[in-house]
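Colleague: I am new to this structure and would like to learn how to read its features step by step. Could you show it to me, and then take my questions in turn?

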Amino acid sequence: MFKPQDIVQSKTGGPKLVVQRVEGDTLWCTRQDDFGATEIEVKADTVSLYNEEGDFGVC
């Protein structure tokens, strides 16, 4: 379902996460805004692919 380099976000909100590796139903992610790249363990069923909605940049 998810693959490395996907951008995901918790279903309840929060920062954007970049998937680094996938092990079964566990994703190892880093926060997109964390330049130290500390990995966070996340269960796949608690996140969804990040999707921006709206007219970003449209005049």
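Colleague: Among contacts in the chain between residues at least 6 apart in sequence, what percentage join residues at least 24 apart?

Modeller: This is a predicted model, and in it 28% of the contacts between residues at least 6 apart in sequence join residues at least 24 apart.

Colleague: Which pattern does the chain follow when it is read along the sequence?

Modeller: The pattern is β-β-β-β-β, for the chain has five strands and zero helices.

Colleague: And how much of the chain is buried?

Modeller: Buried residues account for 24% of the 59 residues in the chain, while the accessible surface comes to about 4,300 Å², with 51% of it belonging to carbon and sulfur atoms.

Colleague: How many salt bridges does the structure hold, and what is the general idea behind them?

Modeller: In general, side chains of opposite charge can pair when their charged atoms come close. The structure holds five salt bridges, and one of them joins Arg21 and Glu39, whose side chains meet at 2.9 Å, N to O. Arg21 lies in strand β2 (residues 17-23) and Glu39 in strand β4 (residues 39-43), so this pair ties together parts that are 18 residues apart in sequence.

Colleague: Where is Asp6 found, and is it buried or exposed?

Modeller: Asp6 is found in the segment before β1 (7-10), and its relative accessible area of 11% means that it is buried, because buried residues are those under 20%.

Colleague: What does the side chain of Asp6 reach, and with which residues is Asp6 in contact beyond its neighbours within four places in sequence?

Modeller: The side chain of Asp6 reaches the backbone nitrogen of Lys3 at 2.9 Å. Once its neighbours within four places in sequence are left aside, Asp6 is in contact with Met1, Leu17, Val18, Val19 and Leu49.

Note on methods
Residues numbered from 1 in each chain as written. Predicted model: local features only at pLDDT ≥ 70, side-chain atom pairs only at ≥ 80, totals over all residues. Heavy atoms only, no water. Helix = DSSP H or I, 4+ residues; strand = E, 2+ residues; numbered from the N terminus. Buried < 20%, exposed > 50% of the residue type's maximum accessible area, 1.4 Å probe, protein only. Contact = heavy atoms within 4.5 Å. Areas by Shrake-Rupley, 256 points an atom, 1.4 Å probe, with all protein chains shown as cover. Polar contact = N/O pair within 3.5 Å; in protein donor to acceptor, adjacent residues only side chain to side chain. Salt bridge = Lys/Arg side-chain N within 4 Å of Asp/Glu carboxyl O.
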